[in-house]
Amino acid sequence: MEIFRIFTDRFFNNKDNMKFTKAFIPTLKEVPNDAITPSHILMLRAGLVRPIGAGIYSFLPLGYKVVRKVSDIIREEMDAIGGQEFHLPALNPREIWEETGRVEAFGDILFQVKNRDYVLAPTHEEIMTFHARRVVTSYKELPQIWYQIQTKFRNEARPRSGVIRGRQFLMKDAYSFDSSKENLNKSYDLHDGAYRKIFDRCGLKYFIVGASSGAMGGSGSEEFMVKSDAGEDTVAYCEACGYAANVEVAKSKVQPLQREGESKEVYEISTPDVKSIDELCAFLQIDETKCAKSRVYIADGLPVLVLMAGNDEVNETKLEKVLGGVRPAHPDELKAITGADAGSIGPVGFEGRIIADLRLKDLNNMFSGANKNDYHIGGIDFMRDVTGAEFFDLRTVQSGEECPRCGKPLEVFTAIELGHIFKLGTKYSEAMGALFQDEKGEEHPIIMGSYGIGVERVIACYIEQHNDEKGIVWSTKLAPYKVHLLALNMKSELISGTANGIYEELRKAGVEVLFDDRSEVSAGVKFNDADLLGMPVQVIIGEKKLKTGQVEFKIRATQERRDIPLEEVVKECVNFEF
RNA sequence: CGGGGCGUAGCGCAGCCCGGUUAGCGCGCUUGGUUCGGGACCAAGAGGUCGGGAGUUCAAAUCUCCCCGCCCCGACCA
């Protein structure tokens with residue numbers, strides 16, 4: 001019995017409670033030299049993580065508690081849709097990866113073990129499919145949803161922004177196995193719902209981008225993203241209706257340009273030193289919508305002139321949809337092809353394919369380069385003078401343009417991808433021979449889906465969205481500890497006795513509490529550390545208030561403080577939610 | 001992989017251009033004392049292969065070359 005009591009004592013002490021004097025929480029007063037991104041700075045300053053190499057981080061005890069909170073939320077929601085958790089090896093025989101051709105596909109991104117034919121898994125489609133094949137063989141055993149929350153390895157060329165893009169990172173990935181497209185849709189929708197719940201519970205402001213799943217070989221997919229300067233994707237987003245698209249494919253309603261009544265004759269203008277559209281407009285006193293900007297690309301070894309209205313930017317992804325692979329022409333090629341340098345190129349007299357943005361269709365009295373340095377041409381009529389041109393949507397959407405769905409202004413910004421769900425289809429099951437028999441006894445490849453969440457990104461994004469000049473602002477859902485108990489002067493027996501008492505009571509009440517019991521630091525240090533670490537509630541025990549039987553209850557998020565009677569502290573802490 | 005920046009005590013930095021005592025400063029750390037509600041004070045200390053190697057020189061943190069590491073921009077991103 002006694003042994004049991006000691007055991008549970010230790011258990012509770014270690015699991016839910018901590019005294020600052022015993023804890024390893026190395027906070028930093030100054031901003032570390034290597035950190036730029038707010039979440040990165042705060043994760044280092046608050047002692048959540050430490051770097052050990054480029055893109056490689058150790059999670060310290062406080063940070064790991066947050067990892068567990070996020071993981072638990074993910075686990076609960078995955079289990080709720082019937083997911084079953086696996087624990088898979090990170091070390092994989094290379095031959096499994098060769099079955100699907102992905103050693104080649106990943107290329108240098110795949111870490112290869114030097115002294116044995118192993119790779120470090122960057123994801124787990126192959127391993128999960130390996131477990132399904134020849135074991136899950138009947139439609140009666142489907143569907144299955146399998147997931148894991150584990151470390152992945154990718155030899156990123158440039159790790160950045162702390163934990164946001166690392167060479168080693170924690171990822172939840174799930175794989176669904178179904179017997180039909182309809183059933184895949186059901187699995188996909190289940191994940192869609194689960195992901196919304198997960199990110200909602202984590203307190204993240206996110207949005208969803210529909211995207212093509214590219215080389216993964218899937219059809220339908222959605223990306224869960226959050227706005228961030230540390231983001232790697234540029235997206236167009238409409239707050240009003242939720243329209244969101246990668247800027248590579250985003251559309252907008254732009255003002256259509258009107259053909260003028262009468263077409264002038266084509267005429268040449270001397271424009272010395274005029275290179276840009278802005279310079280041309282200033283020089284000729286015209287609006288940029290009267291200009292056609294020229295860009296020369298090489299597609300299939302042949303030059304193609306691409307025309308855009310005014311300062312519209314060519315969207316190379318859209319261009320590639322029309323032309324296949326393209327590259328911009330080199331400066332010396334420009335001269336050879338057109339006879340002029342960049343800034344003086346135009347459609348009139350251009351020999352070769354011309355494709356133009358839809359905005360330019362049927363316009364007249366336009367200005368463009370003359371294919372002769374320091375000259376431009378006016379009076380261009382696209383119907384008369386550029387007869388061979390083909391028209392496509394080629395422009396890059398800009399902030400402030402109207403949403404194609406609801407007409408409200410779009411915002412263009414960078415974002416971080418937190419999660420991605422997509423319908424894989426049979427790419428892996430076919431390559432690896434994961435087959436099932438249907439009701440008629442016919443064999444088919446299992447239809448798969450794949451669903452990922454970057455666990456550390458959830459944490460970093462949460463911090464990006466919830467911090468102030470003092471530090472992190474945790475919600476009760478993710479906070480390492482719910483309550484930060486500060487005893488201002490531990491050398492006062494009244495204070496230390498009271499604080500210890502509250503600490504014990506909170507512990508018994510099941511409240512996770514971090515107790516700053518340091519006697520050698522001043523009150524200011526404790527306040528600042530508490531604000532930096534960001535636990536939702538601070539309970540402050542000071543001499544003056546304690547003499548009237550009161551302690552201070554401070555809410556980190558709002559900085560709101562109020563005095564409450566000593567007897568009510570535990571109850572207040574238990575009931576607090578944020 | 002291209003471009004830029006940085007590397008000096010645990011952290012943040014100065015010194016380098018223009019070579020020359022014992023390599024400094026702030027914070028942190030150790031010991032003793034005072035203080036105790038918003039990053040206290042006094043006193044005494046500990047702590048350095050100046051990223052590594054080679055070279056120039058009577059002499060290198062400082063000049064030259066090579067290498068390594070980290071950060072930022074770009075390319076890339078199933």
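Mentor: Start with L28, which is partly exposed at a relative accessible area of 28%. Here, buried means under 20% relative accessible area, exposed means over 50%, and partly exposed is in between (1.4 Å probe, protein chains only). L28 sits in the loop between β1 (17-19) and α2 (38-45). Those labels are DSSP runs numbered from the N terminus: helices are H or I with at least four residues, strands are E with at least two. Now jump 25 residues along the chain to G53: its C-alpha atom is 19 Å from that of L28.

Before we go on, keep in mind that this is a predicted model, where local features need pLDDT of at least 70, side-chain atom pairs count only at pLDDT 80 or more, and totals for chains, interfaces and linings use all residues. Residues are numbered from 1 along each chain as its sequence is written, chains are lettered from A and ligands numbered from 1 in the order in which they are written, and side-chain values use heavy atoms, leaving out hydrogens and water.

Next, the charged pairs. A salt bridge is a side-chain nitrogen of Lys or Arg within 4 Å of a carboxyl oxygen of Asp or Glu, and the whole structure has 43 of them. Take E156 and R165, whose closest N and O atoms are 2.8 Å apart. E156 is buried at 10%, while R165 is partly exposed at 23%. Both belong to a salt-bridge network that also links R160, E232 and R457.

Another one joins R259 to D381, with the closest N and O atoms 2.8 Å apart. R259 is in the loop between β13 (244-246) and β14 (267-270), and D381 is in the loop between β20 (375-380) and β21 (390-392), so this pair ties together parts that are 122 residues apart in sequence. R259 is partly exposed at 36%, but D381 is buried at 3%. In the bridge between K335 and D341, the closest N and O atoms are 3.8 Å apart. K335 is partly exposed at 41%, and D341 is partly exposed too, at 30%.

What about cysteines? A disulfide is a pair of cysteine sulfur atoms within 2.5 Å, and a search of the whole structure turns up 0. Look at C238: its closest cysteine sulfur, in C406, is 3.5 Å away, too far for a bond. C291 has its closest cysteine sulfur in C281, at 3.8 Å, which is also too far. C238 is buried, at 0%, and C291 is buried at 0% as well.

Last stop, two helices. E279 lies in α8 (residues 277-284) and is partly exposed at 36%. In α14 (residues 523-533), the buried residues are K526, D529, A530, D531, L532 and L533. Just after α14, G534 takes a positive phi of about 80°.
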